[in-house]
Amino acid sequence: MPATQKPKTSAKGLETRERIVDVAVRFIARNGARGTSLADIAAEAGVSQTGLLYHFGSKEALLNAVLDRHLAFTEEWLWGDGPDPGVKIVDIIARHMASWPSQHDDKVYSLLGMNTVVLGENVSPDTDLHPRLVEGYRTTIERVTATLRSAQQRGEMRDDIDPQLKAMEIIAFCYGLEAAWLVNPTIPVAEAAARWAAQQTTQMTTP
């Protein structure tokens, strides 16, 4: 086999990897990454710890795979309608948030909870995942800023609004409502998100 060619992962192997990540997301959301051992995850996933380490060489590698799962989830809902939604990005966010209560399988709740917990555990710059989290936030702000700037150039958004500051405000709202919903899943998240989106659209759009 050429040195640059990697062995293919079997369908069963991919299924096992996904199951391990599923379990890791749930456990980290509940106990935090520091309070969750590889042995706990392996036992719940139905594999040995050696088997888990075959798929993920270390706990840090598994944590990165868990964050990859959250990244894919975010990419799907935030940019699923295209790379440049402009001002309509607030409507996309509101539509996404409105779907949370209907996720009866608990996957969204666990995924958002996991991300919130990992953020809290890695606030300090000397933690392993801090650089990745900082880079992820920076990239998101840059992408939202870019789509708002494009909206300005198309004449859809007022010229007196700073796209970067507005992007930071939008992401701050997302984090805030996520945290509130995690604490109390019965809050009217859909109504709150819809009203916020309507207010943002009124404030941002060119008269």
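Reply: A salt bridge is counted here when a side-chain nitrogen of Lys or Arg lies within 4 Å of a carboxyl oxygen of Asp or Glu. The model is predicted, and by this rule it holds 13 salt bridges.

One of them joins the side chains of arginine 95 and aspartate 81, with an N to O distance of 2.7 Å. This pair links distant parts of the chain, since arginine 95 belongs to helix 5 (residues 89-98) while aspartate 81 lies in the loop between helix 4 and helix 5, 14 residues apart. Arginine 95 is partly exposed at 49% relative accessibility, whereas aspartate 81, at 53%, counts as exposed, because the exposed class begins over 50%.

Salt bridges with shared partners also join Glu18, Asp22 and Arg69 into one network. Within it, the side chains of glutamate 18 and arginine 69 meet at 3.0 Å, N to O, and this pair connects helix 1 (residues 11-31), where glutamate 18 is found, with helix 4 (residues 59-78), which holds arginine 69, across a separation of 51 residues. Glutamate 18 has a relative accessible area of 45% and is partly exposed; arginine 69, with 23%, is partly exposed.

Helix 4 also contributes glutamate 75, whose partner arginine 143 sits in helix 7 (residues 130-153), 68 residues apart. The closest N and O atoms of this salt bridge between arginine 143 and glutamate 75 are 2.5 Å apart. Arginine 143 is partly exposed with a relative accessible area of 30%, and glutamate 75 is partly exposed with a value of 30%.

Terms used: Residues are numbered from 1 along each chain as its sequence is written. This is a predicted model: local features need pLDDT of at least 70, side-chain atom pairs count only at pLDDT 80 or more; totals for chains, interfaces and linings use all residues. Side-chain values use heavy atoms; hydrogens and water are left out. Helices (H or I, at least four residues) and strands (E, at least two) are DSSP runs, numbered from the N terminus. Buried means under 20% relative accessible area, exposed over 50%, partly exposed in between (1.4 Å probe, protein chains only).
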